[in-house]
Amino acid sequence: MMKTVLTSPEELLKEFEEKINSEQKIEPLDWMPEEYRNHLIRQISQHAHSEVIGMQPEGNWITRAPSLRSKKILLAKIQDEGGHGLYLYSAAETLGVSRDQFIQWLHKGKAKYASVFNYPALTWADMGAIGWLVDGAAITNQVSLQRTSYGPYSRAMVRICKEESFHQRQGYEIMWKMMQGTKDQQEMAQDALNRWWWPSLMMFGPHDGDSPQSANAMKWKIKRETNDNLRDKFINKTIPQAELIGLKIPDSKLELQEDGTYIHSDINWEEFWKVVNGDGPCNEQRLEHHIKFHNEGEWVREAAIKSGLK
Ligand code: 3HC
C-alpha cells in the first residue's frame, strides 16, 4: 500500500499532535514544531549543565573523604554525574545544536543550571545531604521524565535513573552513619540538612502558577508532572526518612495530615530568583571553574579528535 506523503504544515502538526496524544515518542528525524524543538534544546541542555556543574561541590571533598571506602564511592558517584551530562548533551545534540554551542551558552550565562549547585559544601555531612536530598529531588523529577515525549531524552532518563537511585542511597547512608556517631557528628548532619533542605525544594522550580514554561511543557508531554506536584512527592517521602534516623526537618510549620501529606512553609522565592539570576553564594566560582578547566582541556579534545575518538 502506498503511504500518503504529508506536506502541508497543518498536516504535519496534526500528525505530531496525534503522536504526542497517543504516547508515541518523537524521534530526531520526525517533524516537530520549532517551539517544541527550542523548548527541548533549552531544557535538556540545562539539565546536562546541571549534571556537570553538580560535580563541583562534591569534587571538593574527594581528597578529604574519611575512609578509602567513602572516597571510592564518592569518586564513582561524581564520575556517574559526568556520564549523565554526556548522555544528556548527546540527546540535546540530536536537536541540531552542537556541544560547543551549548558550552558557549553556559559560559555566557545564557543557559541556566540547577540553582542548588550554587551553594557551598562545607563539611563531610554535606556529601550525605547532597546525595540524599539533591539526588533524591533529582530522581523524583527524573522518574517522571522517563515518560517524556522526546525519545532520546526519555531513553537517557531511563539510564540515569538507574544510577541516580544508588546516589540517593549513598547520601542517606552517610547521614545514617553520622546520626549513629558522636554528638558532634550528629550536629554536623543536622546542620547539613538545615542548609540543603530549602535549596533542594527549590530544585523543582517556581510554583505552577509562576512557571512560564510549564503550559507548553505539559501540553507537549515534555514534563509529565508539574513543579508543585513533584515537590510535594519529594517532601512526603523524605520527611519520614529524616525522622527514621533522628533528623529534624528545618520547618516550624510542618504538620502531618491524615492523608499522609504535609503542610509546610513556603520557599523563600526571593532567594531562589537571586540564585537563579546569578547572585548566589557560589555562582561566580562555579562558572569560573568550568571556564578555566574547559579551556585547559582544549588539548585533550584536540588529541581525541586527531586520534579519531570523538
Ligand atoms: N535552578 C535554576 N533555574 C531554574 C530552576 C532551578 N531549580 N527552576 C526553574 N528554573 C528556571 C527555568 O529554567 C526557567 O528559566 P528559562 O526559561 O530561562 O529556562 C525559569 O526558571 C522558570 O521556570 P519554569 O518552571 O517555567 O521552567 P521549567 O518548566 O523548565 O521547569 C525544571 C524547571 C523543573 C528545572 C525543568 O526544566 C526540568 O524538569 N528540567 C529537567 C530536570 C533538571 O534539569 N534537573 C536538574 C537537577 S540536577 C541533576 O539532575 C543532577 C543530579 O545528579 C543531582
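Start with the charges. Select Lys and Arg, then Asp and Glu. The protein carries 38 positive and 43 negative charges, and their mean positions lie 5 Å apart. Bear in mind while looking that this is a predicted model.

Next, switch to cartoon. The protein shows 13 helices and two strands. Its radius of gyration is 21 Å, close to the 19 Å that the globule rule gives for 310 residues, so the protein is as compact as a globular protein of that length.

The accessible surface of the protein comes to about 16300 Å². Carbon and sulfur atoms account for 56% of that area. Then colour by burial: 48% of the 310 residues count as buried.

Contacts come next. Take those in the protein with a separation of 6 or more: 76% of them join residues 24 or more positions apart.

Select Cys161. Is Cys161 buried or exposed? Its relative accessible area is 9%, under the 20% cut-off, so Cys161 is buried. Move on to Cys282. This residue also counts as buried, at 4% relative accessibility. How many disulfides does the structure hold? The count is zero. A disulfide would be a covalent bond between the sulfur atoms of two cysteines.

Definitions and conventions
Residues numbered from 1 in each chain as written. Predicted model: local features only at pLDDT ≥ 70, side-chain atom pairs only at ≥ 80, totals over all residues. Heavy atoms only, no water. Helix = DSSP H or I, 4+ residues; strand = E, 2+ residues; numbered from the N terminus. Rg over C-alpha atoms; globule rule 2.2 N^0.38 Å. Buried < 20%, exposed > 50% of the residue type's maximum accessible area, 1.4 Å probe, protein only. Contact = heavy atoms within 4.5 Å. Areas by Shrake-Rupley, 256 points an atom, 1.4 Å probe, with all protein chains shown as cover. Charge placed at Lys NZ, Arg CZ, Asp CG, Glu CD. Disulfide = S-S within 2.5 Å.
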